Amino acid sequence: MSDVTMTVNGKTVSRAVRGNELLVEFLREQLRLTGTHVGCDTSQCGACCVHVNGELVKACTIFAAEADGAEVSTIEGQANPDGSLNVIQQAFQDHHGLQCGFCTPGMVMAAASLLKENPKPSEQEIRHYLQGNICRCTGYHNIVRAIMAASGQEVEGGAIAAE
Ligand code: FES
Ligand code: FES
């Protein structure tokens, strides 16, 4: 075991961690931040996406000890200060960018990173950026529309049915 200290959603936390404890385990099991999901554990699905020092990271791909001293943001830290949905979360709701919701935290975290890098991404750029995030339900169309809407771009028509 070793001690780690990191800032998670603006709060400093210190805990003892196992050497092989993944960041996603640390967040879910030690901090009870269960909005970060585990869909595969093999770095493929993106359900575990968080931000570490401002970078999009799959939390199943790094050890908690590697995040010692880091600033970590999870889906629980994404709402506006008054608790309302942020612009990306609201757009997912408005454009039906989710069905079961399992992939949604990772999608929202990925979308936030994309819009930070590229505030007005094209549909193609959004689809390319989301290659590491798998959704079993929506067929991606509405997720892409939600992200376009969150970036302030015109989205034609309403939400469309899943593929
Ligand atoms: S649980 Fe991390 S990528 Fe799937
Ligand atoms: S909404 Fe169900 S996995 Fe994406």
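Predicted model: local features only at pLDDT ≥ 70, side-chain atom pairs only at ≥ 80, totals over all residues.
Q: Which order do the strands of the open sheet have?
A: The order of the five strands is β2-β1-β5-β3-β4, and the pairing is mixed.

Q: Why are β2 and β4 called edge strands?
A: Each of them, β2 (11-17) and β4, pairs on one side only. On average, neighbouring strands of this sheet are turned by 40 degrees against each other, direction ignored.

Q: How do you know that the span of helix α3 agrees with its number of residues?
A: Helix α3 (residues 104-117) has 14 residues, which at 1.5 Å a residue should span 20 Å. Its end C-alpha atoms are 20 Å apart, so the two values agree.

Q: Why is α3 described as largely enclosed by the rest of the structure?
A: A residue counts as buried if 20 or more other C-beta atoms lie within 10 Å of its own. Ten of the 14 residues of α3 are buried, and therefore the helix is largely enclosed. Among them are Thr104, Pro105, Met107, Val108 and Leu114.

Q: What do the buried residues of α3 pack against?
A: Their partners are the strands β3 (49-52) and β4 (55-58), together with the helices α2 (87-94), α4 (123-129) and α5 (141-150). Helix α3 lies across β3 and β4, at about 40 degrees to β3.

Terms used. Residues numbered from 1 in each chain as written. Chains lettered and ligands numbered in written order. Helix = DSSP H or I, 4+ residues; strand = E, 2+ residues; numbered from the N terminus. Expected span 1.5 Å × (residues − 1). Buried ≥ 20, exposed ≤ 12 C-beta atoms within 10 Å, placed from the backbone. Contact = placed C-beta atoms within 7 Å. Pairing = 2+ DSSP bridges. Axes fitted to C-alpha atoms, helices over the stretch in contact; angles between N-to-C directions.
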